[in-house]
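Q: I would like to learn how to read the features of a structure one at a time, with the general idea stated before the particular case. Could we work through one together?

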Amino acid sequence: MALLVVPACLLVLALLIGPMILMFRISLNQFSPTQLMMQALSPDNYIKAATDPYYQQIILATLGIALLCTLLTLILAFPAAYWLGRMESRWKSLVVIATLFPLLVGNVVRSAGWMALFARDGLLNTVLMKLGVVSAPLEIMYTTKAVIIGIIAVVLPYMILTLSAVIESIPRDLEYAAANLGASGARVFWRVILPLSGPGVAAGSILVFVLCMNTYATAVLLGGPRFKMMAPAVYDQFVRGNNWPMGAALAFMLLAVTMAFTVFGSVAFARKYRAG
Amino acid sequence: MISRRHFLSASAGVAALASGMPTARAEGGQVVVGTWGGDYGQLLSDIIDKPIMTPKGFEIVQDVGNADPRKTKLLAERQSRRGSMDVACLSDNDAYIVSQSDVFERVDAAQVKRLDKVFPELRSDIAIPHIYSAQVILYNTNQVKTPPQSFADLWDPKWRGKIGLADILYPNNTLAAALAGGGGVSNLDPAEKKLMEWRSLDVKIYPSNEALAAALKSEEVWLTTMWLARGFMWKKSGIPLAHVVPKEGTPAIVFQASVPKNAKNKAGGFAYLDAMLDAKAQGGFADKMGYVPTVTDAPLPEDLAKQVSLTEAERARLLKPDYAYAAGRSQRTLDFWNKEFKA
């Protein structure tokens with residue numbers, strides 16, 4: 001049976017671990033504007049990435065955006081996931097497909113749609129101005145608001161589907177029993193549904209958090225040149241600066257922070273549910 | 001293993017079969033041209049590949065991509081005996097950086113016949129200058145009645161919030177700031193103070209040239225610094241713009257083409273470089289993209305010349321980049337732009 005995992009493992013080894021080892025080696029090299037990079041075995045790029053206030057600020061901003069988006073996504077997704085999880089209609093599979101539908105559109109195309117909506121002379125401002133709701137166009141494009149809306153639109157389906165699968169497995173009888181014993185709807189939610197859907201909340205939150213941490217297209221297109229997140233900063237070093245060693249070091253820094261938070265989250269959830 | 005060249009060749013063969021063309025090998029051989037896509041790639045195909053190279057028996061395959069991956073590919077392949085490109089199109093600054101690794105063949109009149117027609121100030125040992133333009137001030141004619149005459153004038157508080165810059169042109173915006181502060185192509189130090197002053201005047205930054213064009217069109221901003229050629233294209237698209245050649249000087253940009261030392265078809269590569277200097281082809285690029293010919297025997301129609309060319313007096317203010325200085329300072333320029341100016 002163990003042999004069944006070999007092909008997938010080999011694929012991951014060849015396409016993920018191999019390039020990562022190569023990139024780690026690059027991160028220890030030194031940048032040269034004319035030679036691209038010079039062979040070295042130096043931790044300088046990591047020291048610079050970790051001690052430069054500019055990158056510290058970017059990593060904090062990225063963490064903040066990712067945590068906020070994860071929380072908002074969870075709040076928005078839960079009611080929809082509950083409805084989907086409890087649905088017994090023959091149209092359920094169609095609703096699942098409809099939930100998945102936004103994922104069929106690439107991030108760049110989706111962001112282009114938001115740009116058309118949010119621009120100074122975009123649809124939203126035109127409608128608001130015509131209706132007399134505002135006298136001057138709202139500045140939505142190139143703001144943190146725009147990025148948060150864009151990211152949530154991307155990650156919402158992942159959270160809904162992860163949560164609905166877990167909610168579906170919670171026996172409906174438990175809700176009836178709680179209600180029968182006098183619990184209000186809100187109490188049933190807090191004391192029965194939410195604790196029992198904990199594994200779904202954990203899995204969905206971790207998945208969404210990782211996606212948010214690595215946001216690139218949405219941050220660049222909706223956040224504009226002044227908006228700072230880690231993935232665009234990595235791209236900047238690789239492509240605009242041609243500084244591969246620094247870009248690679250930043251990429252590993254992003255990976256380390258994301259992994260640290262993911263592992264911490266997983267362990268915390270596991271402890272809570274073992275204890276519970 | 002399928003190499004990129006074989007893949008491109010096979011793709012071209014499939015395309016030819018689909019279009020009913022014979023697939024016999026061209027007698028001059030295949031020439032792989034590493035180039036930008038979009039208008040530039042299309043014009044190369046329409047003005048050079050089909051009318052000049054194909055009748056001479058060459059089969060042209062474009063390897064389309066942005067400059068950065070192309071630079072990286074040239075540097076990464078420099079140890080290989082056979083590279084993937086026969087012609088590499090790059091801006092002058094990028095070509096300089098790549099050439100420091102001894103990647104390109106030397107270009108002389110023995111290989112490129114039309115080299116003697118090239119303006120002397122645009123000549124280079126490792127490339128032919130294909131087209132060029134100059135960095136000017138563009139302004140919206142509806143809103144700006146007394147246009148600035150110098151880069152320094154763009155720091156007048158009356159333009160607060162009305163100047164837009166393209167983020168991707170950060171080296172050129174930095175140079176404009178240096179010139180405004182008394183610096184030059186070999187001294188970017190004054191740029192840092194001037195950029196911070198610009199920042200306090202609410203200068204707006206747009207992620208791309210296209211976003212900047214949209215902001216100029218909607219009159220969100222009224223002024224920018226940009227290539228004269230791009231201003232010409234924007235004017236053609238209906239944006240009410242005019243340009244000023246700044247008093248401090250007008251930095252030049254030259255788009256070049258080189259033959260890598262490890263090109264498979266060097267003769268084909270040099271033939272392509274020669275075709276790029278063809279007088280008719282040069283006129284075609286000026287007409288469609290607003291870039292000025294680099295050869296002496298491609299005069300433009302008077303009306304077109306007025307819009308895209310510099311006068312004699314303006315040409316005297318053309319500033320040739322200090323490639324070595326710009327390359328050596330590239331990381332500091334990017335860091336300052338990102339960490340201080342855009343913070």
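A: Let us begin with the nonpolar core, which is a set of buried Ala, Val, Leu, Ile, Met, Phe, Trp, Tyr and Cys residues joined through C-beta atoms within 7 Å. The model here is a predicted one, and the case can be read from it directly.

Q: Which residues touch the most other members of the largest nonpolar core?

A: The largest nonpolar core holds 95 residues, and those that touch the most other members are B:Val87, B:Ile128, B:Leu223, B:Tyr272, B:Leu273 and B:Met276. Strand β4 (residues 128-140) of chain B gives the most to this core, contributing 8 residues. The core also draws at least three residues from each of domain 1 (4-131 + 254-308) and domain 2 (133-252 + 311-341) of chain B.

Q: Which residues is B:Leu223 in contact with, leaving aside its neighbours within four places in sequence?

A: With those neighbours set aside, B:Leu223 is in contact with B:Ile137, B:Leu138, B:Tyr139, B:Val144, B:Leu154, B:Trp159, B:Lys162 and B:Ile163. A second, separate core of 52 residues includes A:Ala49, A:Ile58, A:Ala119 and A:Val208.

Q: How many residues of domain 1 of chain B are in contact with domain 2 of chain B?

A: The centres of domain 1 and domain 2 of chain B, taken over C-alpha atoms, are separated by 29 Å, and 12 residues of domain 1 of chain B are in contact with 11 residues of domain 2 of chain B. On the side of domain 1 of chain B that touches domain 2 of chain B, the elements giving two or more residues are α4 (92-99) and α11 (302-308) of chain B, and α4(B) gives the most, with 4 residues. By class, that side of domain 1 of chain B has 7 nonpolar, 3 polar and 2 charged residues.

Q: How many residues of chain A are in contact with chain B?

A: The chain interface can be read in the same way, by counting residues on each side: 18 residues of chain A are in contact with 19 residues of chain B. Helix α12 (residues 230-240) of chain A supplies the largest share of the side of chain A that touches chain B, 3 residues, and the residues of that side divide into 7 nonpolar, 6 polar and 5 charged.

Q: Is A:Met141 buried or exposed?

A: A residue is buried if 20 or more other C-beta atoms lie within 10 Å of its own, and exposed if 12 or fewer do. A:Met141, found in the loop between α6 (123-130) and α7 (144-168) of chain A, has 21 other C-beta atoms within 10 Å and is therefore buried. B:Ser237, in the loop between α8 (228-236) and β8 (241-244) of chain B, has 10 other C-beta atoms within 10 Å and is therefore exposed.

Definitions and conventions. Residues numbered from 1 in each chain as written. Chains lettered and ligands numbered in written order. Predicted model: local features only at pLDDT ≥ 70, side-chain atom pairs only at ≥ 80, totals over all residues. Domains from an automatic or database assignment. Contact = placed C-beta atoms within 7 Å. Nonpolar A, V, L, I, M, F, W, Y, C, P; charged D, E, K, R; others polar.
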